[in-house]
Amino acid sequence: MISEIRIPKLGMTQANISVVELTRANGSAVRAGETVAVIETAKVSFELKSPTSGLIFYLKKVKDNVSIGTLLAVVTDSQAAFDDFYKSLASEKEEHACSQFEAPENEEKWGVQISFDDEAPVRSVASSLRQPLQVDIGDRKILKRTPFVGMRRTIAENLVASLQTGAQLTIVSEADMTELADFRKELRLDFPDTQITFVDLLVKILAFVLKEFPVLNSSVVGDEIICWDEYHIGVAVALDDGLVVPVVRNADKKSLVAVSREIKKLSRKARQKELKPETFEGGTFTLSSGGKVETEFMTPIINPPQNAILGIGKIGPKPAVYQGELAIRTRAYLCLTHDHRVIDGVPASQFLGRLKDVIEHRKQFSKILK
Amino acid sequence: MTRTINFMQAINEAMAEEMRNDPTVFVFGEDVRVSPFGQTAGLVDEFGEERVLNTPIAENAITGAAMGAAMNGMRPILELMFCDFSMLAMDQICNHLGQWRYITGGQYQIPITIRTAVGAGLRMAYGHSQSLESQFVQAPGLILVEPSTPYDAKGLLKSAIRSDDPVVVFEHKKLIFGGVEGEVPDGDFTIPFGEAVVRKEGKDATVVAFGFMNYEALAAAQELLQDNIDIEVIDPRTIVPLDKDTIFESLEKTGRLIIAEECRIRGGLGAEIAALACGEYFSFLNAPVQRVAAPMIPIPGSPILEDLYLPNKDSIIRAVKRVL
């Protein structure tokens, strides 16, 4: 009996699926439900599991580009069964000149992912990525070689495209987070089941402040600037081998505890590579936290088609002037990158000022964080 | 490959397979060798009297004995025949079982599985019919499981037996005696705790149904379709830990929440979920949360009154229509 493992349809993403890992040796025994391969689309990496127990034979290699429905591997009872299957496959291929086992047609477009803007500049970006400086490897010592495909490639292309299509600049303000930190400690007592993080608090605060500054929660679509009446906040999650930005939908409507639980679930699933592509779609603003690292401030790159992103530097004790005295306060830099095509300096500064105002005063944020 | 078995077989197979895999697993309880309901039938033939132990009718004592065995490296499967009887063992279950891992700073694990039958409608009157799941919800450290299909019963019971923490499995008598059939995969499989399943997708309202109420909810869903009302039915499968994500993702979509259970309404499972929804998803609620549960009365001995006592398809339909 032959069980086929084909590339599944993963949400909206159709193109640029690549094989990044084949976890078993050809012909080795696998059990039903065991991971046999890892594929990556432009947005997610995804583990393929064996549908049944048997011997696995791969029909694709690592780094191969595949498309939805492509036969990646088969699980059979025996080597002989696979040989028969392979023969029939080969003859079928001759008959129909089956394209399944050839490079996908759209390989020429490899890297063109961005559809929110004119294609012309993006295409040139992609092609510039495709032809990096020639490096003569020769007999140089190599620690590790990693295929520059899949998620890594997508991150690269999206970020370069973002920088090339917008007029991005970053403004920075320092906020006193002492009251927010105290508030967080109280929440720990009141909600012992849920560890509330600064990111959770800031997602809620952002969703609130964005309502007062619609242009910060917007996208350029065709020849229009669309301000969204939905507050879907992307939260950057670092992975061992990359970065993903899953989206907390309707962050304005959910309670703090619900937002917190959702962010934890999204992060966990991202690390386990179980996130579905829909999870990355529809974000209207992004929060990037340098939280656990020592980075003081940053210039985050906008996640298109959004028009702004907020980066938070290290949150920690710093000397500050507080009520006319020098004091040790918990502070952090708020770094807002905005697209000057859409958002001018003054509204961006006003937004940042209002955000700082809310973060610094318990009277303001305690109304939002419920 | 899958095959079709009934609910009782699923429970029996789960125990037999785990007993084969792990010599520390044994069955303990009143009349388990004969097994008047049938879940443990035949186990004594395969595993002998040393691993299928009949006990006196003394629920508190036998639960304590099982706990002692668990602390000494065994994995007892304790049968408390009727959930009503488990009330006699609440000292062991609520005061000790779930708390000892914490109290001893993690020195002891209590890998014990308690199986007990719930559910009315079989003319067994007030002392053998109650669904008392909500009594256990307050106890910390317990995992509470309520399967509604043979697949869930087998997978969750195997997880329970392998769990290093105490698990209570509630088996509905209508599922045990009703011969409810379903597919299970060949070979070994388990189901993780805290993962709900969507029994039916829908867009107009979310019905969270526990255990046997899933069948009532699905029947209600069928009937409501005639009125163009499309409800989503969610089976949490584990009461604790509760899969809030699946429930609230559904609520985000439908904006209406109904909880159906066979426990009594006051302080029941529905009360807990309603409170969570109001606290965390208030903005998504387009209508008041509805609870479908049993009334605050003893279960009547009269068959006619017992049928009136039980929440069912019709009470779910009424609840859905109240909020639409």
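This is a predicted model: local features need pLDDT of at least 70, side-chain atom pairs count only at pLDDT 80 or more; totals for chains, interfaces and linings use all residues.
**Between the domains of chain B**

Chain B is divided into domain 1, spanning residues 2-185, and domain 2, spanning residues 197-322, and the C-alpha centres of these two domains of chain B lie 26 Å apart. Their contact draws on 30 residues from domain 1 of chain B and 26 residues from domain 2 of chain B. The area buried between the two domains is about 2,200 Å², with carbon and sulfur atoms giving 58% of that area.

Across this domain interface there are four salt bridges, together with 15 residue pairs in polar contact, counted where both residues have pLDDT 80 or more. On the side of domain 1 of chain B that touches domain 2 of chain B, the elements giving two or more residues are helix 7 (133-136), strand 6 (143-145), helix 8 (150-162), strand 7 (167-172) and helix 9 (173-178) of chain B. Sorted by class, that side of domain 1 holds 16 nonpolar, nine polar and five charged residues.

**Between chain B and chain A**

The contact between the chains takes ten residues from chain B and ten residues from chain A, and the area buried between them is about 890 Å², of which 44% comes from carbon and sulfur atoms. Within chain B, the residues that lose the most area to chain A are B:Asp245, B:Glu280 and B:Phe284, which together account for 49% of what that side buries.

The count of salt bridges between chain B and chain A is four, and six residue pairs are in polar contact across the interface, again with both residues at pLDDT 80 or more. Helix 11 (244-254) and helix 12 (269-280) of chain B each supply at least two residues of the side that touches chain A, and helix 11 of chain B gives the largest share of that side, five residues. By class, the side of chain B that touches chain A comprises three nonpolar, two polar and five charged residues.

The table lists one pair within chain B and one pair joining the two chains, each with the separation of the closest N and O atoms.

| B:Arg123 | B:Asp307 | 3.0 Å |

Definitions and conventions: Residues are numbered from 1 along each chain as its sequence is written. Chains are lettered from A and ligands numbered from 1 in the order in which they are written. Side-chain values use heavy atoms; hydrogens and water are left out. Domain bounds come from an automatic or database domain assignment. Contact means heavy atoms within 4.5 Å. Buried area is the accessible area (1.4 Å probe) that two parts lose on being put together, summed over both. A salt bridge is a side-chain nitrogen of Lys or Arg within 4 Å of a carboxyl oxygen of Asp or Glu. A polar contact is a pair of N or O atoms within 3.5 Å; within protein, one must be able to donate a hydrogen and the other to accept it, and residues adjacent in sequence count only if both atoms are side-chain atoms. Helices (H or I, at least four residues) and strands (E, at least two) are DSSP runs, numbered from the N terminus. Ala, Val, Leu, Ile, Met, Phe, Trp, Tyr, Cys and Pro count as nonpolar, Asp, Glu, Lys and Arg as charged, and the others, Gly among them, as polar.
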